[in-house]
Structure formats: C-alpha cells, structure tokens
Amino acid sequence: MAHNNMISKHLDTNSPRSAAAGDSLYNVDQIRRQASKSLLEGALTENYPLDVEKACALLNEALATEILCVLRYRHHQVIAKGISSSDIAKEFAEHAANEEEHMIMIAERINQLGGDPDMNPATVASRAVTEYGHGKDLVTLIREDLVAERIVIDVYRKLVGWFGLEDPTTRRMLEKILKDEEEHANELADLLVANEDRQERDAH
Ligand SMILES: [Fe+2]
Ligand SMILES: [Fe+2]
C-alpha cells in the first residue's frame, strides 16, 4: 500500500521504503515492525530518544521530593498555630493537595516509561532534593516551605531543559508542575511578609 507523507527530512535513508517514499521523516514499515514488538512496554517505543534509565532516575528523584513535600505541608497544616493560622493551614492544605497530584503524575509517567516509581518511605528523605524541616512557629514553617519551593523551581527548570524536545510528554508535565510550584512560592512569599510584620508587631 502506498503511504505518502508530506513531512520532509528522513531518519532512515537505508531502507527501501523510505527511498520509495522520497524525502520522508520516518520509515513506516520500520515503525510498524518496532511498534508490534515489545508490546508490554506500552508507551515506550524503541525510538524513545533519551536514556530511559536516566529519565526514570531523574523522575524518581522528583517523585521522592513530591512525597516529602506532601508530608511537610500536611505536617504544617496540622501544627500551624497562632492568629490567622486557620487561613494559613488552609493554604498549606491546598499546596499539599497539589503536591499529591504532582506525585501521582510523576509516578504514572515513570510507569509509562517502563520504570518503577519508587515510593519506598525508608529512602524518600535521602532521595528528595528538599528537607522535611524542623519549624514550629508559623513564620518558620512558611519560610521552610518557601525555601523548598524555590529549590524545586530550580530543579524543575533543569528537568524541563533535559527532557526538552526529545520527550515532549514528560516536558509538558514538568512545565505544568513548575507553574504550580511558582504559584506556591509566590503565595508563600506574600504570606511570609504578612506574618513577619505581624510577628514584629506582636513583639512590641
Ligand atoms: Fe510539587
Ligand atoms: Fe509546591
């Protein structure tokens, strides 16, 4: 069956099919053959252009970080005390729910790539790029969360660049997470200013 595609450039100049199809971006016969092999690998095809083990390792580090962020925000939600603490606890709860979504998105992507999403609680803290924290008062809690958000923003920016054009599905997921983390950081920065001012007033 003739199969003409209009996309220019070609990946495989040696195959008869691509020669017949002229200036083709891909070789349909070869792609069909590869796609019907290794069906258990699901979305992961032979043409996945990145080092898939490295991709999963990077995503597993992000996964550990998200799990730690869920735990830290949930802890802060429960222990937040003081004037206006209920509003802030609500903010912590919202962020925790977002981090939980990130956690699931990343875990599902690792699974799609054929890796094992590592949720082992014994190693989460050592694999995460952020810390659980030790704060007790509201201002310290907010500051710990803000530091963590600023760290993950830098890490996600780097990950977006690494996945780049090679794996647009993972990149788009990371861009969505990065956008959420930037919003979290903005909200925490506002909360920090308001609560530092309040703490200062209370001290006088
Ligand atoms: Fe997150
Ligand atoms: Fe966040």
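Predicted model: local features only at pLDDT ≥ 70, side-chain atom pairs only at ≥ 80, totals over all residues.
Residues are numbered from 1 along each chain as its sequence is written, and chains are lettered from A and ligands numbered from 1 in the order in which they are written.

**View 1. The chain holds 7 helices and 0 strands.** Helices (H or I, at least four residues) and strands (E, at least two) are DSSP runs, numbered from the N terminus. The order of elements is α-α-α-α-α-α-α. Of 204 residues, 25% are buried. Buried means 20 or more other C-beta atoms within 10 Å of the residue's own, exposed 12 or fewer, and partly exposed in between, with C-beta atoms placed from the backbone.

**View 2. Helix H3 (residues 52–79) packs on helix H6 (residues 138–163), their axes coming within 11 Å.** The axes cross at roughly 160 degrees. Axes are lines fitted to C-alpha atoms, for helices over the stretch in contact, and angles run from 0 to 180 degrees between N-to-C directions. H3 and H6 are therefore roughly antiparallel. Leu58, Ala62, Thr65, Cys69, Arg72, Tyr73 and His76 of H3 make the contact with Leu141, Asp145, Ala148, Val152, Leu159 and Trp162 of H6. Residues are in contact if their C-beta atoms, placed from the backbone, lie within 7 Å.

**View 3. H6 has buried residues covered by H3, H4 and H7, among others.** Buried here are Leu138, Leu141, Ile142, Asp145, Ala148, Glu149, Val152, Tyr156, Leu159 and Phe163. The 26 residues of H6 should span 38 Å at 1.5 Å a residue, and the end C-alpha atoms are 37 Å apart, which agrees. The expected span is 1.5 Å times one less than the number of residues.

**View 4. The buried residues of H7 pack against helix H4 (85–112) and H6.** They include Thr170, Met173, Leu174, Ile177 and Glu181. Also buried in H7 are His184, Leu188, Leu191 and Asn195.

**View 5. Alanine 189 lies in helix H7.** With 14 C-beta neighbours inside 10 Å, alanine 189 counts as partly exposed. Arginine 143 is 46 residues away in sequence, yet 8.3 Å away in space, C-alpha to C-alpha.

Key. Parallel < 35°, antiparallel > 145°, perpendicular 65-115°, else oblique. Contact = placed C-beta atoms within 7 Å.
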